[in-house]
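Here is a short note to read beside the model. Please keep the sequence at hand while going through the points.

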Amino acid sequence: MATCYICQNTKWTTAYRIKDWDIERCDVCGFARINPLPARETRPEFYSQEKVVSRNVKQLSLSQRFSRAMKGAFKKITGQDKSGIFYSKLSRYLPAGTEVLDIGCGDGSFLNLAKRRFNCTGIEISEYLGSLARRQAGIRIIIGDFFTADLAPGKFDGITLISLLEHLDHPEAAVKKCFDLLKPGGILLIKTVNYGCVNRSIRKENWTGFRVPDHVVYFNPSNLKRLLERTGFSRIKISAWPFSDNMYCDAWK
Ligand SMILES: [Zn+2]
């Protein structure tokens, strides 16, 4: 059996069966993952498809529509979309002109806002989305895998992982890489699906967070905090609302 890289436990329980995959949950810390891991080369187009398709309501499943309605309600209450939330946070934490890296930047929608105040770099594994991001002026875009990208350690004041962590085979290595890329005192901002949310326990296999095969790992607030602490991050703040499919996390190096 595989070892849970958060708590070192080796016992897993199959929590759900979705299409050809099991969702297995660590018996100790509750970290969940897809099994078997889908072949990597089959997934880059899913990364594109997810974001492109989500713009076309007619193609959305019922649970995606539900999720979209929740997002709309959230935006009405807070007056902000996802990019706005990250931009406000960064602006609160970092002075203008500092270095910001968005990993998994998609079509560059967040960086297009962030560039008003920060020196921005984006990395995107999907060639299609990366090429869309490159059309936005004033942002350096690297198309490829951020594990192998040519980036200097300690270069960045802020790093954002917006809806990315759930796509990664090795989120623990990604978090470590972010730690290395940050300056001392730099901040990591994360948005990822929250396996611990009420929506998942109500909707079970139909939970919108289960997007197989492109979502491969699922954290809850406590095991995400544990992973970040072990990596060396401090002052970790996680915001998770019971009826939101996602959680937000701020962590300092
Ligand atoms: Zn575990």
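1. Start at Ser239, which sits in strand β10. Helices (H or I, at least four residues) and strands (E, at least two) are DSSP runs, numbered from the N terminus. This is a predicted model: local features need pLDDT of at least 70, side-chain atom pairs count only at pLDDT 80 or more, and totals for chains, interfaces and linings use all residues. Residues are numbered from 1 along each chain as its sequence is written.

2. Ser239 is partly exposed, because 14 other C-beta atoms lie within 10 Å. The cut-offs: buried means 20 or more such atoms within 10 Å, exposed means 12 or fewer, and partly exposed is in between, with C-beta atoms placed from the backbone.

3. Ser239 touches Met247 and Tyr248, not counting residues up to four places away in sequence. Contact means C-beta atoms, placed from the backbone, within 7 Å. The C-alpha atoms of Ser239 and Asp250 are separated by 8.7 Å. These two residues are 11 apart along the chain.

4. Gly232 follows α8, with a positive phi near 120°.

5. Elsewhere, four strands form an open antiparallel sheet in the order β1-β2-β3-β9. Strands pair if DSSP finds at least two bridges between them. The edge strands, each pairing on one side only, are β1 (12-18) and β9 (217-218). Six bridges join β1 to β2 (21-26).

Conventions. Two residues are in contact if their C-beta atoms, placed from the backbone, lie within 7 Å.
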